[in-house]
Amino acid sequence: MPPTKFTSLVFVSLALSGCQSDLATVADAALRNPSGFPIMQPDKDRPAPPTTPTDPSPPPTTPPVENVEAKPGCDADVQSKVKAPGINPITLACSLRLSSADVITHPLVFEGSAASGSVLDCGGGTLDVSAGASRKEKTAVAVRSRKTGSGPWDAPSSVTIRNCRIKGFVRIYGLGENANGAVMKASSRNPDHTAFAQASAPKNVRLENVAFDAPDGIPFYVGPGVTNAALVNSKINGRSTAVAVYLDAESANNTISNNVFGISTEKRELIAIDGSANNRITNNVFEHSDNGGIFAYRNCGEGGVIRHQKPQYNQIVGNTFRYRSSFLVSPAVWLNSRNGSSSYCFTDPAYPFGSSASNLDFAQHNVVRNNKLDGGSDSLIRNDDPTNEVGANMATGG
C-alpha cells in the first residue's frame, strides 16, 4: 500500500478549489511525443515521504534576457495570407506590422526558435477570433515550443506583441498548454522537473499596450516553465469563466505591471499564482475584485502531475483592488489559498519531493506591500505564514 500523504483538514469552497476546469488537459498532438528524458522509477523499498519538504527553497535565479536580434519583416505573401479572410492558424517566423484598419481572423502562432525575435505590432489593428467554437479556436496568439525527435525542446525567445486589440486569448507554453498533460506528468517524476520545464519553455515574451476583450475565457495564460514573460501597460476587459491571468506551475520571473483589469470573472480570482515563483505584480488596477484579486497556491497532484515549485518570492506591490460590495467578497490577496483542500491532491504518486511530499501550498517569502483596497477592509489580505512580508497596505472600506 502506498504511503499516506499529509493533507490539510481545512476545506475551502468548491469555487476556490477548481483549477483550469475550462481548459483542455491534452496538449497539441505535437506535444504528445515521447519526451526524450529518463523517467525515475519508484522504489518499492523507499521509505515513506516526509510530510513536509526538508530541502530549502532559495529564490529562483533570474535567467538573463537574451539579446535576440529582431526578425526582418514578413514578405508580401505572408502578409497577404494573414490579412485574407479565414480562420486557419498561420505560423509566423518574421516581424509583422499591421494598420489600425486591419482585422485579422486567423490565429497566429510563433513556434520554436525560428520565431525568436519576431515582433507583432498591430498598429492599433485587431486580432478577432472570438467567433471560434472552442477555447483553442479563440486563441488569437500562441507562443510555443516545438518538439522534434528525441532531442531537447526547441523554444522561442524574445517575441513581442504590441499595440493590438485582441478579441481572444494569448497563450505561452512549452511542455504543455497547462500543467496537466502527459509530458508534464512524465517529467514531474524527476527531481529536476522545474529546470527541465523552464529550459523547454518560451522566455522573454512581452505584451505591451494591448487591449483584451476576453470572450469567456482566460485572456493571458503563462504556461508551465515560462520565464520572463511580461504583460505591461495594457487593458484587460471582457469576461472570463475562470481567471484573467494564470501563472502556471514551474513558471517564474514574470511581470504583470501597469495594467487596468476591467474584466469580470464568473466566480474566481483575477490572477492565479499556481506554483509560480519570483513574479512581479505591481501597479495594476483591478476594477472588479469581489470574486478575489491575487491568490497564491500550489495545485497539488492535479492530473496526477507532481507540482515541484512553490509560489514563493513573488512581489505584489502598489496595486489597487476595487470592491463594489463589502458583503460576501473574496480576499484581494490570499497567500496559501488551498493548502491541500482539493480531492485531486491524492492523485499524484508517492515521491519524496514536491506535492508528493506535502500537499501544502508553501506560499512563503512573498512581499505584499503598498496596495490599496478601495471599498475593502484590512481582512481582505490573508496570510498565515510569518515569512511573508505584509505591510503598508491601505483599506478604505469598513
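Predicted model: local features only at pLDDT ≥ 70, side-chain atom pairs only at ≥ 80, totals over all residues.
**Entry 1: Lys 203**

I began with Lys 203 and asked: is Lys 203 buried or exposed? Lys 203 is buried, at a relative accessible area of 16%, because buried means under 20% relative accessible area, exposed over 50% and partly exposed in between (1.4 Å probe, protein chains only). I found Lys 203 in the loop between α4 (193–199) and β11 (206–208). Helices here are DSSP runs of H or I with at least four residues, strands are runs of E with at least two, and both are numbered from the N terminus. I then looked up Val 226: Lys 203 and Val 226 lie 23 residues apart in sequence, and their C-alpha atoms are 5.8 Å apart in space.

Residues are numbered from 1 along each chain as its sequence is written, and side-chain values use heavy atoms, with hydrogens and water left out.

**Entry 2: Ala 252**

Next I turned to Ala 252, in the loop between β16 (245–247) and β17 (255–257). Ala 252 counts as buried, with 0% relative accessibility. From Ala 252 to Ala 229 I read 8.6 Å, C-alpha to C-alpha, for a pair 23 residues apart in sequence.

**Entry 3: the whole chain**

I stepped back for the overview. The chain has 5 helices and 31 strands, and 57% of its 398 residues count as buried. I also looked at contacts (heavy atoms within 4.5 Å). Among those between residues at least 6 apart in sequence, 77% join residues at least 24 apart.

**Entry 4: nonpolar cores**

A nonpolar core is a set of buried Ala, Val, Leu, Ile, Met, Phe, Trp, Tyr and Cys residues joined through side-chain atoms within 4.5 Å. Which residues have the most contacts inside the largest one? They are Leu 120 and Leu 127, in a core of 60 residues. β7 gives the most to this core, with 3 residues. I listed the partners of Leu 120, leaving out residues up to four places away in sequence; among them are Leu 96, Phe 110, Leu 127, Val 141 and Cys 164. A second, separate core has 9 residues, including Tyr 221, Tyr 246, Phe 295 and Tyr 297.

**Entry 5: the second largest pocket**

I looked up the second largest pocket and found about 370 Å³ of space in it. Of its 23 lining residues, Pro 89, Pro 107, Lys 136, Glu 137 and Thr 139 are the closest to its centre. β4 (108–111), β7 (139–144) and β10 (169–173) are the elements that give two or more residues to the lining. The largest share, 5 residues, comes from β7.

**Entry 6: two positive phi values**

Most residues other than glycine have a negative phi, so I checked for exceptions. Tyr 313 has a positive phi of about 60° and is found in the loop between β23 (294–297) and β24 (315–317). His 365 also has a positive phi of about 60°. I found His 365 in the loop between α5 (354–357) and β27 (367–369), where His 365 is partly exposed, with a relative accessible area of 32%.

Notes. 1 Å grid on protein atoms, 1.4 Å probe; cavity = no way out; pocket = protein on both sides within 12 Å on 5 of 7 lines; lining within 4 Å. Points joined across faces, edges and corners; volume = space filled by probe spheres on them.
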